[in-house]
Amino acid sequence: MTFQEPLRFDGVDYVPKRDDVRLTGQLLRVWNAVCDQNWYSLKEIAEKTGDPEASISAQLRHLRKPRFGAHLVERLHIARGFYKYRLTPKVKDLN
């Protein structure tokens, strides 16, 4: 996974010096856990990465944003309050 520009997270409590390394590592762990285009619950991703489910959900939202690649992150409703997610990496046009 590569980025066209430096990662720029945001949020009310975000402090770049404190948070950049942690959030970048987390984003890469989530990417590596789901980039195979299979469906995963937040719990399954958490088991693979060791990261909290709420953080994983935030990182999946980041992956949808243009500055993080504008990847397709689909959400599939399984049961009340339970979803699975699938990441389809955006492929650049080679022409």
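1. Helices and strands here are DSSP runs, numbered from the N terminus. The model is predicted.

2. Start with the backbone. Most residues other than glycine have a negative phi. Ala70 is not a glycine, yet has a positive phi of about 55 degrees. Ala70 sits in the loop that links helix H3 (53-64) to strand E2 (72-79). Its relative accessible area is 28%, so Ala70 is partly exposed.

3. Gln37 also deserves a look. Its phi is positive, about 70 degrees, and Gln37 is not a glycine either. Gln37 belongs to the loop between helix H1 (16-34) and strand E1 (40-41). With a relative accessible area of 40%, Gln37 is partly exposed.

4. Next, the surface. Leu76, Ile78 and Phe82 make a nonpolar surface patch of about 240 Å². Of these residues, Ile78 is found in strand E2. Ile78 has 42% relative accessibility and therefore counts as partly exposed, since that class runs between under 20% for buried and over 50% for exposed.

5. Now the second largest pocket. Its volume is about 170 Å³. The lining has 15 residues, and the closest to the pocket centre are Asp10, Tyr14, Arg22, Leu23 and His62. Helices H1 and H3 each contribute at least two residues to the lining of this pocket.

6. What is the make-up of the lining of the second largest pocket, in nonpolar, polar and charged residues? The lining divides into five nonpolar, five polar and five charged residues.

Key:
Residues numbered from 1 in each chain as written. Predicted model: local features only at pLDDT ≥ 70, side-chain atom pairs only at ≥ 80, totals over all residues. Heavy atoms only, no water. Helix = DSSP H or I, 4+ residues; strand = E, 2+ residues; numbered from the N terminus. Buried < 20%, exposed > 50% of the residue type's maximum accessible area, 1.4 Å probe, protein only. Patch = residues over 30% accessible without salt bridge, like charges linked within 9 Å, V, L, I, M, F, W, Y side chains within 5 Å. Areas by Shrake-Rupley, 256 points an atom, 1.4 Å probe, with all protein chains shown as cover. Salt bridge = Lys/Arg side-chain N within 4 Å of Asp/Glu carboxyl O. 1 Å grid on protein atoms, 1.4 Å probe; cavity = no way out; pocket = protein on both sides within 12 Å on 5 of 7 lines; lining within 4 Å. Points joined across faces, edges and corners; volume = space filled by probe spheres on them. Nonpolar A, V, L, I, M, F, W, Y, C, P; charged D, E, K, R; others polar.
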